[in-house]
2 protein chains.
Amino acid sequence: MQSVIKGLLQKNGSKIVFFVMDGLGGLPLGDPRSPFKGKTELEAAFTPNLDKLAQNSACGLHVPVGFGITPGSGPGHLGLFGYDPVEWEIGRGILEALGLGLEVKRTDVAIRCNYATIENHVVTDRRAGRPATEKMRKVTERLQKQIPEINGVRLIFGPGMEHRFAVIMRFPEALQPEAAMINDSDPQAEGRAPLPLIPRHPKAQKVAEVAQKFIDRAAAVLKDDHPQNFVLVRGFSTHPRMPSFAEAYGLRGLAIATYPMYRGLARLIGMDAPDFSGDVSGQIEYMKDNWDDYDFFFVHFKKTDSFGEDGNFAGKVGKIEEADRALPAILALKPNVLVVTGDHSTPAVMKSHSWHPVPVILSAPYVLGGLTEGFSERQCARGELGVFPSVSLMPLALANAGRLKKFGS
Amino acid sequence: MQSVIKGLLQKNGSKIVFFVMDGLGGLPLGDPRSPFKGKTELEAAFTPNLDKLAQNSACGLHVPVGFGITPGSGPGHLGLFGYDPVEWEIGRGILEALGLGLEVKRTDVAIRCNYATIENHVVTDRRAGRPATEKMRKVTERLQKQIPEINGVRLIFGPGMEHRFAVIMRFPEALQPEAAMINDSDPQAEGRAPLPLIPRHPKAQKVAEVAQKFIDRAAAVLKDDHPQNFVLVRGFSTHPRMPSFAEAYGLRGLAIATYPMYRGLARLIGMDAPDFSGDVSGQIEYMKDNWDDYDFFFVHFKKTDSFGEDGNFAGKVGKIEEADRALPAILALKPNVLVVTGDHSTPAVMKSHSWHPVPVILSAPYVLGGLTEGFSERQCARGELGVFPSVSLMPLALANAGRLKKFGS
């Protein structure tokens, strides 16, 4: 469908805003002692602004990957941006690197790394005793300084939590996906030797050589650093090579996100995503300051998901109410199309992401409206958009922004 | 999507029950003299148990093959089990054989056969005057006895109604689908000679030879049996070779069905499907007795479809009420996921299968619920599942049973 959309694009001065509350969708609370019993997080929250918007908008429930499939954050956002998450799977190494704030280009192979303990050629602790994050940051900086490149391939290190870090191998030329067809060195159990890296495709030969040299040189640098005296690597992956947001939709996109992974995902499809910290009011202020320079704004609101993951129903309710209070400032910018939704559901009662369809408001001049009394999962189930795939949201937004010509005549 | 699902499977001790009322979906009765005027069969039926279940469940309407497409029983059930009925077409010969209670293996070619009348090498009656079923059963048994095998290929006969029967040719080795690329011998009109069997693929050569010998030898056996002195063959088909239920979902499945065709379909995908006769209470009792040995239970309730096909609105209403009375015994087993639905619609007012989406209740802990007042087509149209493809039911059931991991990260 993306290729059909591409053939219909036309430019205008319209502005599209996606206000994404991470993990927005929820489920009814069972606890009979709670005043929220029987209500979802959205139903329990006091959201006069969102309710009014829903009453006058096209509403529905969108399915991120497929019925019954619980999406990770990567697939959830790809779907929102109109990229089929099954077609465009983002490798584990890439996601890890993005999450640590590294940039990933088409010349890169990314890997997830663990500090590990090795004794007599056998891995005795795959996590090096879970060392302190700050201490390992310095070790990673030492590796960066001592191994800046191998065979003309630049290495870029991203320190992570405890024993984790990521490495990007930046080659001089763009790579094919086959270049990452290499097994993990992690033997997945203690008491075993690290696995040798074996390229599964001729195009992966050079990558495997560089990676093996990296492992060997890291071991030399770390030889006196017991228990973190070795590095295990996993999740070799290349840039997914999907069309950029500009190519796919003719839009200049700006991502305003406080977490590195969401900025990284946005950069992967060519949006601008400057480092940003601040609350949702600050995000909207930043959007206002950059209003003239972009066509599409992705405002990412993280905390709804975090509280959902923690099983903190009231905390998630509070964050939804915070988002509701921020809504008038978004509406004051008069976007031509405003989408308010989540990337997936994270019901507090499940303490995890879930497969449930995600409520969505699409506010634009040419909608039916009048079908929903407020903004919630159950209200959106009655909406004019029905239950539909997430990848259809972008075409709907483009159409409502007047950016799609007629198909055929 | 089935391959995505396969990659996400995880095992647990959960139990999934599909209670399938054949041809469940209906349409409003027009007859102004009837107390049921304007109501569908489900709306007319007194179903307190189903209504209560629907109120607390995820409801919707599922589309078996595609909008506007009326499914046969085979495609309808394949969809329920998560196999796309367009991708996995079950050949006519296979369906006929399954319906007659024959087992079909990956070494088999199945064909539908007619007793016919031939005079001077010309077919004068394609149905041999529609002879009595019981009489023809004996003729078929005679053929089985006199032609048990040809060229090392075992023949298995299944007597049918009137002039109809099925034959399975069981080869010593597994066959490719191309082995069944052979035309029908039935000339489709009286006054014509039977068509010679011509293999359309080299792999069909041996099958065509054996089948032609079968026709010739049957003619020899039947030469004094006018009017049933010849056999016409149609619908050459092999096992559809879809992944088994265990391969696709990691589930041990038990089918409890009173009609051979539904048992046969279940066996085709590797479920256990012992011969069973009895009413729905007996089916549930049997499920209870086998509760610990399976993960998935398919309970098939046939009579809703039969009354629908007969145009007997009140009869179908009565059968729905019988099913409703059986529901508490299913709920007493406390399945983790209970799906109550049909394989397709058979509105009594149409006296046939139809293309209409089928109402469905999905009862599980993590649903919204509260959107439907009872169980009917119109109520389910308001449900949280929306109108969705039947093949999505299995992923939903697996997710609700906690059997699917997260997709991506």
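Modeller: Let's begin with β1 (residues 16-21) and β11 (residues 337-341) of chain A, which run parallel to each other and are joined by five bridges. If you want a place to start looking, find Ile16(A), whose bridge partner in β11(A) is Val337(A). Please keep in mind that this is a predicted model.

These two strands belong to an open sheet of seven strands in chain A, ordered β9-β10-β1-β11-β12-β2-β13, and the pairing in the sheet is mixed. At its edges stand β9 (253-256) and β13 of chain A, each with a single partner strand, so one side of each has no neighbour in the sheet. From one strand to the next, the twist averages 25 degrees. A helix packs on this sheet too: α10 (residues 280-289) of chain A touches β9 and β10 (296-301) of chain A, and its direction makes about 170 degrees with that of β10(A).

Now move along to β2 (residues 58-63) of chain A. Six of its six residues are buried, so β2(A) is largely enclosed by the rest of the structure. In a regular strand, side chains alternate between the two faces of the sheet. For β2(A), one side has Ala58(A), Gly60(A) and His62(A), the other has Cys59(A), Leu61(A) and Val63(A), and all of these are buried, leaving both faces covered.

What does β2(A) pair with? One partner is β12 (residues 358-363) of chain A, which runs antiparallel to β2(A) and is joined to it by five bridges; here Ala58(A) stands opposite Leu362(A). Another partner is β13 (residues 386-389) of chain A, this time in the parallel sense and over four bridges. Within that pairing, Leu61(A) has Val387(A) as its bridge partner.

Val339(A), together with Val339(B), touches the most other members of the largest nonpolar core, which has 250 residues. In chain B, the residues that Val339(B) touches, leaving aside those up to four places away in sequence, are Phe18(B), Phe19(B), Val360(B), Ile361(B), Leu362(B), Leu393(B) and Ala397(B).

The contact takes 28 residues from chain A and 21 residues from chain B. On the chain B side, β13 (386-389) and α14 (393-400) are the elements that give two or more residues. Chain B can be laid on chain A with an RMSD of 0.3 Å, yet only 10% of the interface residues of chain B are also interface residues in chain A, so the copies meet through different surfaces.

Methods:
Residues numbered from 1 in each chain as written. Chains lettered and ligands numbered in written order. Predicted model: local features only at pLDDT ≥ 70, side-chain atom pairs only at ≥ 80, totals over all residues. Contact = placed C-beta atoms within 7 Å. Least-squares fit on C-alpha atoms with pLDDT ≥ 70 in both. Core = buried A, V, L, I, M, F, W, Y, C linked by C-beta atoms within 7 Å. Buried ≥ 20, exposed ≤ 12 C-beta atoms within 10 Å, placed from the backbone. Pairing = 2+ DSSP bridges. Axes fitted to C-alpha atoms, helices over the stretch in contact; angles between N-to-C directions.
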